[in-house]
Amino acid sequence: MAALAPLPPLPPQFKSIQHHLRTAQEHDKRDPVVAYYCRLYAMQTGMKIDSKTPDCRKFLSKLMDQLEALKKQLGDNEAITQEIVGSAHLENYALKMFLYADNEDRAGRFHKNMIKSFYTASLLIDVITVFGELTDENVKHRKYARWKATYIHNCLKNGETPQAGPVGIEEDNVDVEENEDAGATSLPTQPPQPSSSAYDPSSMPSSSFTGIQIPPGAHAPANTPAEVPHSTGVASNTIQPTPQTVPAVDPALFSTVSQGDIRLTPEDFARAQKYCKYAGSALQYEDVSTAVQNLQKALKLLTTGRE
């Protein structure tokens, strides 16, 4: 992918989108779709903040040029031309980051790469708002991920050992928004190598997450894929694919036809569409198990009117 023209210095008014733009730069080669939507979010947010001041107007104009160049380079990529595909792509990528950090946290493996993953997941959930309002679930995940990034960062900075898992957030009533900068401004621009011995640095590029292996997601959020498969972008001889267990397909679904008296509501169609969206996105990651599970849910809902 051709390099994009550089942006002018970030106006102070746009401080709140600086990390989204940094995430976009980090993903220009790793995942251009993620990079595109991060810039789109920054553009939309920047327009709301200040579109009249000369410096801000100049910055937004250059950012728009980048968006147009990216859109042209991505061509007819369905994740750009179809919102539902783009939303699924972004949501699954954010989940991938979240699950990696969550599993490291629950295992008591605290390091900068995990902090970065938590914070990046929260930023990507921000970006999902380009498709509409967030679900309550995503709002909770964003708050939790941002709180965890801040909490673990501050603990390590002060020489303290963080408590693993989801502890303390309700009791301490942490204001994530006020502590956002404390957990982000000192994070590295490029993701560092994980310090945990559970991951082999030799199989990971020095400045990206593409070599991270995410364990099966026992802590995946509800209504999202429960497993995140191996990442792409790493030579096939460095990482062996994780064996997948494909769930048995209910034989009744093969002969099921929609009952004439079944009346599906708009909410039913929306849920079925959501399951198909997750199935399609799972296949992008070669996660057959999750794809089959979600397609079964969609088929059962459409043919019986219930889940």
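Tutor: Let us begin with burial: a residue is called buried when its relative accessible area is under 20%, exposed when that area is over 50%, and partly exposed in between, using a 1.4 Å probe and protein chains only. This is a predicted model, in which local features need pLDDT of at least 70 and side-chain atom pairs count only at pLDDT 80 or more, while totals for chains, interfaces and linings use all residues. Residues are numbered from 1 along each chain as its sequence is written, and side-chain values use heavy atoms, with hydrogens and water left out.

Student: Is F14 buried or exposed?

Tutor: F14 counts as buried because its relative accessibility is 0%. Helices are DSSP runs of H or I with at least four residues, strands are runs of E with at least two, and both are numbered from the N terminus; F14 is found in the segment before α1, which spans 18-26.

Student: Which residues does F14 touch?

Tutor: Contact means that heavy atoms lie within 4.5 Å. Not counting residues up to four places away in sequence, F14 touches G46, I49, D50, C56, F59 and L60. The C-alpha atoms of F14 and G46 are separated by 6.4 Å, although these residues are 32 apart along the chain.

Student: How many helices and strands are there in the protein?

Tutor: The protein has 12 helices and zero strands. Of its 307 residues, 46% are buried, and among its contacts with a separation of 6 or more, 72% are between residues 24 or more positions apart.

Student: How many residues has the largest nonpolar core?

Tutor: A nonpolar core is a set of buried Ala, Val, Leu, Ile, Met, Phe, Trp, Tyr and Cys residues joined through side-chain atoms within 4.5 Å. The largest one here has 47 residues, and Y36, Y37, L90, F118 and L124 are those with the most contacts inside it. At least two residues of this core come from each of α1, α2 (32-49), α3 (54-74), α4 (78-81), α5 (83-106), α6 (112-127) and α7 (136-157). Leaving aside neighbours within four places in sequence, Y36 is in contact with L67, L70, K71, L74 and I80.

Student: At what angle do the axes of α1 and α6 cross?

Tutor: Two packed helices are described by the angle between their axes and the distance between the axes. Axes are lines fitted to C-alpha atoms, for helices over the stretch in contact, and angles run from 0 to 180 degrees between N-to-C directions. The axes of α1 and α6 come within 10 Å and cross at roughly 105 degrees. Angles under 35 degrees count as roughly parallel, over 145 as roughly antiparallel, 65 to 115 as roughly perpendicular and the rest as oblique, and α1 and α6 are therefore roughly perpendicular to each other. On the α1 side, H19, H20, R22, T23 and E26 meet K116, Y119, T120, L123, L124, D126 and V127 in α6.

Student: Is R39 buried or exposed?

Tutor: R39, which has its place in helix α2, is buried, with a relative accessible area of 3%. Leaving aside neighbours within four places in sequence, the contacts of R39 are L4, A24, Q25, D28, L63, Q66, L67 and L70.

Student: Where does K62 lie?

Tutor: K62 lies in helix α3 and is partly exposed, because its relative accessible area is 38%. Not counting residues up to four places away in sequence, K62 touches L7 and P8.
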